[in-house]
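Subject: Structure handover

Hello,

Here is the structure for you to look over. Please open it alongside these notes.

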Amino acid sequence: RESDHRAWTPVSCTVTRQNATVQGLTEGKAYFFRIAAENIIGMGPFTETPKEIVIRDPITVPDRPEDLEVKAVTKNSVTLTWNPPKYNGGSDITMYVLESRLIGKEKFHRVTKEKMLDRKYTIEGLKEGDTYEYRVSACNIVGQGKPSFCTKPITCKDEIAPPTLDLDFRDKLIVRVGEAFSLTGRYSGKPAPKVTWLKDDIVVKEDDRTKIKTTPTTLCLGILKSVRGDSGKYCVTVENSTGSRKGFCQVNVVDRPSPPVGPVIFDEIHKDHMVVSWKPPLDDGGSEITNYIVEKKDAHRDLWMPVTSATVKTTCKIPKLLEGREYQIRIYAENLYGISDPLISDEMKAKDRFRVPDAPEQPIIKNVTKDSAVVVWNKPYDGGKPITNYIVEKKETMATRWVRVTKDPIFPSTEFKVPDLLEGCQYEFRVSAENEIGVGEPSPPSKPIFARDPIAKPSPPVNPEAVDKTKNSVDLSWQPPRHDGNGKIIGYLVEYQKVGDEEWKKANLTADSCPETKFKVTGLTEGLTYKFRVKAVNAAGESEPAYVPDPVEVKDRLEPPELILDANMAREQHVKAGDTLRLSAVIKGVPFPKVSWKKDDHEVSPKADIEVTGVGSKLEIRNTAHEDGGIYSLTVENPAGSKTVSVKVVVLDKPGPPRNLQVSEVRSDSCYLTWMEPEDDGGSVITNYVVERKDVASAQWVAISSSSKKRSHMAKYLVEGTQYLFRVAAENQFGRGPYVETLKPIKAVDPLHPPGPPKNLHHVDVDKTEVSLVWNRPDRDGGAEITGYLVEYQEDGADEWTKFQTVPMLDCVVTGL
């Protein structure tokens with residue numbers, strides 16, 4: 001039974017010997033066997049093999065290796081190869097033993113002690129010129145087998161053989177895009193040749209698609225998923241020291257073409273057909289374009305209709321169109337290998353496109369003389385029909401009517417010489433094109449031109465000279481050129497050159513920035529010397545330069561200051577208060593003087609506006625007041641000197657208040673007022689004074705004099721006992737000034753005097769500390785009722801009197817003595 005089965009299988013039932021051969025076993029499988037003896041009575045018990053038995057042939061040493069060959073011989077090495085023995089003796093080969101024998105010796109010697117399993121070996125370190133023969137044996141688990149047959153005697157020397165090349169491909173190879181291709185062959189040569197692949201004379205390198213495989217005898221270049229760029233001339237070179245061989249193959253990777261090149265050009269458009277054209281594909285796919293397929297489609301439908309599928313021209317007529325419908329055209333290119341992607345046109349409406357020609361662009365006028373001019377224009381779009389004539393018209397710039405310059409046809413030339421112009425008149429020209437449909441719109445008018453002979457460059461300016469200078473500028477002046485070249489002088493170019501330099505620098509960049517015959521050159525360096533020259537410019541160009549005769553040293557020209565007074569500073573100025581004061585003068589001097597204004601030798605009031613220009617100065621005070629009067633002085637000063645002028649300014653105004661108002665000689669019905677004239681009479685003579693009074697209990701002032709020229713007044717008609725205030729103001733021709741008022745009220749009473757002395761003073765009683773006195777009234781009371789009597793006493797021998805008291809009656813008792 002098989003070792004992995006339980007069932008026993010009978011092998012034989014009639015064996016009478018003590019051995020048996022079991023047939024039909026499977027090599028490599030394990031089996032158990034059992035045997036039972038049988039007699040007439042029956043079968044005895046089985047006896048079983050103690051362990052499984054694996055079925056295999058009996059093991060011997062291997063056969064001899066086969067095909068021992070010499071692959072390479074040099075002066076100091078030999079390379080051998082061989083094939084395994086036909087039978088390995090029933091066990092795997094464990095190693096090979098390689099042996100050599102020097103010719104002339106008897107014994108073979110083992111070449112290497114290493115355990116060698118490869119079937120190729122190079123014996124090195126041999127002596128040049130020695131001759132050997134070789135044999136090889138195989139070993140397995142049992143032992144070493146018979147040696148192979150010996151090689152022929154091999155002498156150690158370098159083998160040389162020129163390269164040979166046997167190619168498997170033809171001169172030309174055509175491959176479809178995306179397919180792989182390979183170029184293979186065989187080669188030989190001693191020493192081993194070097195293999196090189198080139199494409200279009202450039203070395204081929206391996207990448208994801210390009211594979212190069214070279215064995216000692218074969219060579220191969222393979223390209224996966226080829227593209228059009230793989231087309232080219234491939235070359236393989238096999239080369240060693242004895243020579244080289246080359247093989248060539250022209251590979252053409254072909255594909256369907258790329259789309260035709262757009263845009264689709266609509267050469268003709270009609271109501272029922274169109275003519276379109278296009279350009280061939282940029283890439284014909286490596287094969288000649290054999291055909292173009294043209295289709296049309298109504299822009300509002302999805303259906304493409306064939307026009308032609310058999311044309312090699314790049315133009316096609318699209319027939320059977322419906323007028324007014326919009327169409328699209330698509331075009332395919334075809335070659336031997338397929339049809340390209342399409343080129344699709346823009347939408348185009350089918351309608352007749354013939355019309356009158358477009359208006360030409362603005363014409364250009366050249367070769368102008370006093371009686372003629374040449375008009376030049378570009379051909380416009382012809383409207384679909386060829387242009388048959390051009391119409392040239394002229395008009396004077398200020399006129400409104402255009403006139404044809406000739407009735408003769410003008411074609412095909414696009415320029416015309418217009419005759420019969422009036423010298424000095426300004427003209428414009430325009431051009432229209434005509435075809436069989438009609439006359440198109442005229443062009444824009446040309447730029448206006450004057451009919452006059454062409455101008456030449458002017459002659460140089462006349463007599464340039466330096467007329468003024470400062471520390472950084474020079475003023476130049478000259479006369480116009482004698483000949484303007486028949487053209488208006490646009491202006492002048494001024495140039496300067498530092499003495500010692502070669503370069504002339506421009507003082508102005510354009511002629512129109514200096515239209516006058518003078519110019520100030522600025523930005524010069526103080527102390528340096530410069531040359532100057534001037535050129536005149538007209539439309540024809542620049543004249544020859546005219547030079548300032550002598551170099552000019554740049555420094556300030558000193559001129560002492562000069563003042564030219566305006567009328568408002570020539571004499572004493574009178575200004576009415578509230579008006580504007582203006583003082584001004586023209587100032588000269590080089591360099592321009594420093595200007596300063598003073599009033600009464602002090603700074604001018606901040607309310608004054610002072611303006612200084614390059615030619616003078618002005619002082620202005622608006623809304624003048626009386627205090628703005630005084631002596632105003634203007635001083636101008638430069639390094640060459642100084643000059644001062646003064647003017648007295650009187651601001652005319654109302655006078656100030658009178659001074660020192662005094663009241664005297666007060667009576668019961670009058671008083672006397674005196675005062676002094678005001679400090680400020682307002683610049684005008686005081687004409688009169690106004691005197692007013694007021695009862696202190698009243699709010700109203702009453703005039704008591706308004707025409708007094710004197711500085712005093714007798715106030716009459718006062719009411720006795722009433723208290724009064726008085727005030728006085730001065731008047732001049734400009735009005736009444738402020739009032740001055742009495743400081744305290746004045747009572748209208750007659751003047752008072754001290755009373756006379758009491759009469760008949762005597763004592764009537766005496767005590768040790770007091771005295772009783774009596775007296776009589778005085779003769780006069782001084783104009784007022786006596787209000788009391790003052791009693792004084794003095795100790796005998798003393799100097800001073802001591803006040804006792806004031807008493808109302810005519811008696812008194814003095815106590816405390």
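Below is what was found in it, by topic.

Please keep in mind that this is a predicted model.

Salt bridges

Side chains of opposite charge can pair when their charged atoms come close. A search of the whole structure finds 30 salt bridges.

E66 pairs with K86, with the closest N and O atoms 4.0 Å apart. E66 sits in strand 5, while K86 is in the loop between strand 6 (77–83) and strand 7 (95–102). The two are 20 residues apart in the chain. E66 is partly exposed at 27% relative accessibility. K86 is exposed, at 74%.

R186 bridges to D168, and here the closest N and O atoms are 3.1 Å apart. R186 belongs to strand 14 (residues 181–190) and D168 to the loop between strand 12 (161–167) and strand 13 (172–176), so the pair ties together parts 18 residues apart in sequence. R186 is partly exposed at 38%. D168 is partly exposed too, at 44%.

E495, R533, K535 and E542 form a network of salt bridges.

H762 stands opposite V774 in strand 65. Strand 64 is hardly covered: of its eight residues, the count of buried ones is zero.

K759 in strand 64 pairs with D779 in the loop between strand 65 and strand 66 (789–793). Their closest N and O atoms are 2.8 Å apart. K759 is partly exposed at 38%, and D779 is exposed at 65%.

An open antiparallel sheet has three strands in the order 37-38-41. Strand 37 (462–469) and strand 41 (518–521) are at the edges with a single partner strand each, so one side of each has no neighbour in the sheet. The twist averages 25 degrees from one strand to the next. Strand 38 (residues 474–479) pairs with strand 41 over four bridges. In that pairing, S477 stands opposite K518.

Ig-like spans

An unreviewed UniProt entry lists "domain: Ig-like" for residues 163–252 and 561–646. In the model, residues 163–252 are 0% helix and 64% strand, with end C-alpha atoms 28 Å apart. Residues 561–646 are 0% helix and 60% strand, and their end C-alpha atoms lie 16 Å apart.

A nonpolar patch

I59, V61, I141 and V142 make a nonpolar surface patch of about 350 Å². I59 is in the loop between strand 4 (53–54) and strand 5 (66–73). I59 is partly exposed, at 42%.

Best wishes

Terms used. Residues numbered from 1 in each chain as written. Predicted model: local features only at pLDDT ≥ 70, side-chain atom pairs only at ≥ 80, totals over all residues. Heavy atoms only, no water. Pairing = 2+ DSSP bridges. Axes fitted to C-alpha atoms, helices over the stretch in contact; angles between N-to-C directions. UniProt positions renumbered as here; feature names shortened; annotations may be inferred. Patch = residues over 30% accessible without salt bridge, like charges linked within 9 Å, V, L, I, M, F, W, Y side chains within 5 Å. Areas by Shrake-Rupley, 256 points an atom, 1.4 Å probe, with all protein chains shown as cover. Salt bridge = Lys/Arg side-chain N within 4 Å of Asp/Glu carboxyl O. Buried < 20%, exposed > 50% of the residue type's maximum accessible area, 1.4 Å probe, protein only.
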